[in-house]
Amino acid sequence: MKTASLAGSIALLALCFIACSRPASTPNANTSDDFLWQWIDSTQKPGDDFFRFATGRWMKDHPIPASERRWGIANLVRDENYNKLRKICEDAAANQKAEKGSNTQKIGDFWVSGMDSVTIDKLGMQPLQAVMDKINAIADKTALINTISDFQVNAGSPLYSPALFQDEMNSAKYSLHFYQGGIGLPDRDYYFNKDSRTQNIRKEYILHVTRMFILMGDDPGIANVNASAVMKIETELAGASRKLEDLRDPYNNYHKMSLAQFTSSLTPSINWREQLDRMAIHNIDSVIIGQPEFYRQVEKCLNAESIKNWKAYLRWSVINHFAGQLSAAFDKEHFAFYGTVLSGVTVQRPRWKRILDQEENYLGDALGQLYVAAFVSPAMKKRYDDLVQNMMDSYRDRIEKLDWMTAQTKEKALVKLSKIDRKVCYPDKWKDYSTLEISRNSYLANVMNAQKWQFEFYVSKLYKPVDRTEWEMTPQT
């Protein structure tokens, strides 16, 4: 479903103040130099619909594009940056002298591989052949569990979702978390709600999964059987998943336990120390489980479902995860469900924007360095550094002059102020992609390499103190 403009919220708040100060006789005094007032729709009565009164003209002049779910001022700013980044990528791709391993080479080659839809269509599922062969070779529960663990590194997160970030109870260290996951619809309610929209989504989802199996080469009848197996497993997992409102309680979604306890009390079929070793996660004694009941259901499913059904589930999980990097047939079918059926977007975003999003996700610091070199001067950085320093000085001055704070409280407040890390314009230390292999040969191979690099990057944090100067990236796999 498309949502209202972000700009509307900003204008609404601002106009609340303007309405208090403007004479009632000036509702039509729109001027080109009055940024907020010019977007008022004076045909709307504020008492009937203040949102449309305050932002009506902006929404009329800036309709939500068919390729977007929402639209606001932030999107206009982002589009300007998209165009700058596109030129950087095109220039990098055209640079024949780029040194191998340099940011220019990696950005240029990633861009070329992603934009080369002809080669992507020609390769078809070939880049995933090794992954599919591994699934086909599964003969028992042990091989199934091992394969699921192997896929966590660079083939999505089937069945469960590991995550590495700061420990909520000790922000000075990183911890390994395990959360509910393993489903293809947004959350558990999509599998159980009885309203007509959700029921239609479930029906369309099964049809979508069936079509994806057909694109993988299954006969229609077999594809339908496999889609039903996927829906059965996902529904069982969803039944043990928490509702969105239950995920909001941080204390109730934090259960620290040893690896031995994780195995013995929740998933006896999974030796977690062995599985973490397969992911190159070594020498940790405890993990944080978000939803223990979900992992009890994982154990039940591992013992109840046939290997045949699990193979279908893993094939679907992999193809769903990588659909956007495969041929046009997979990409379009994926968008038809997740873009149109689920989100109401009727037109897919231009390919070049989607490739830029992937570059930002996987090579964000490399792209950022090229952007800084092209558009951010030392003088600009100094300007904003000085601005932040002036703000800090102002805070310090105000704290020192407060008459309602005791001297002891002021001292503590100033200590807190001094602890604020300043992150202005760009990092002083960029991420090192030297071990990440990027070429023009295969877009999907580049994405899989990048996901492996990203996984290993986060694993490395487990063995280091938290670096509070780091500009954290948020992967969107």
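Me: Which element gives the most to the lining of the largest cavity?
Reply: Helix 5 does, with three residues. The model in question is a predicted one.

Me: What makes a space count as a cavity, and how many are found in the whole structure?
Reply: A cavity is a set of points where a 1.4 Å probe fits but cannot get out, which means that it has no way out for that probe. The search finds three cavities of 30 Å³ or more.

Me: Why is helix 18 described as largely enclosed by the rest of the structure?
Reply: Helix 18 is so described because 14 of its 19 residues are buried. Across the protein, 45% of the 477 residues count as buried.

Me: What span does helix 18 reach, and what is expected?
Reply: Helix 18 (residues 443-461) extends 28 Å from its first C-alpha to its last, which is close to the expected 27 Å. At its start, a side-chain oxygen of serine 442 comes to within 3.5 Å of the backbone nitrogen of leucine 444.

Me: Is arginine 349 buried or exposed, and why?
Reply: The relative accessible area of arginine 349 is 18%, and the limit for buried is under 20%; arginine 349 is therefore buried. Arginine 349 is situated in the loop between helix 14 (328-341) and helix 15 (351-375).

Me: Why is the approach of arginine 349 to tyrosine 82 called a polar contact?
Reply: The cut-off for a pair of N or O atoms is 3.5 Å, and the side chains of these two residues are joined at 2.7 Å, so the pair meets the distance criterion. Neighbours within four places in sequence aside, arginine 349 is in contact with Ser67, Glu68, Tyr82, Arg354 and Asp357.

Me: How do you know that strand 1 and strand 2 are paired?
Reply: Pairing requires at least two bridges, and seven join strand 1 (residues 161-167) to strand 2 (residues 170-179); the two strands therefore pair. They run antiparallel. One of the bridges links leucine 164 to its partner in strand 2, leucine 176.

Key: Residues are numbered from 1 along each chain as its sequence is written. This is a predicted model: local features need pLDDT of at least 70, side-chain atom pairs count only at pLDDT 80 or more; totals for chains, interfaces and linings use all residues. Side-chain values use heavy atoms; hydrogens and water are left out. Helices (H or I, at least four residues) and strands (E, at least two) are DSSP runs, numbered from the N terminus. The expected span of a helix is 1.5 Å times one less than its number of residues. Buried means under 20% relative accessible area, exposed over 50%, partly exposed in between (1.4 Å probe, protein chains only). A polar contact is a pair of N or O atoms within 3.5 Å; within protein, one must be able to donate a hydrogen and the other to accept it, and residues adjacent in sequence count only if both atoms are side-chain atoms. Contact means heavy atoms within 4.5 Å. On a 1 Å grid over the protein atoms alone, a cavity is a set of points where a 1.4 Å probe fits but cannot get out, and a pocket is an open set with protein on both sides within 12 Å along at least five of seven lines; lining residues have an atom within 4 Å of a point. Grid points are joined across faces, edges and corners, and a volume is the space filled by probe spheres set on the points.
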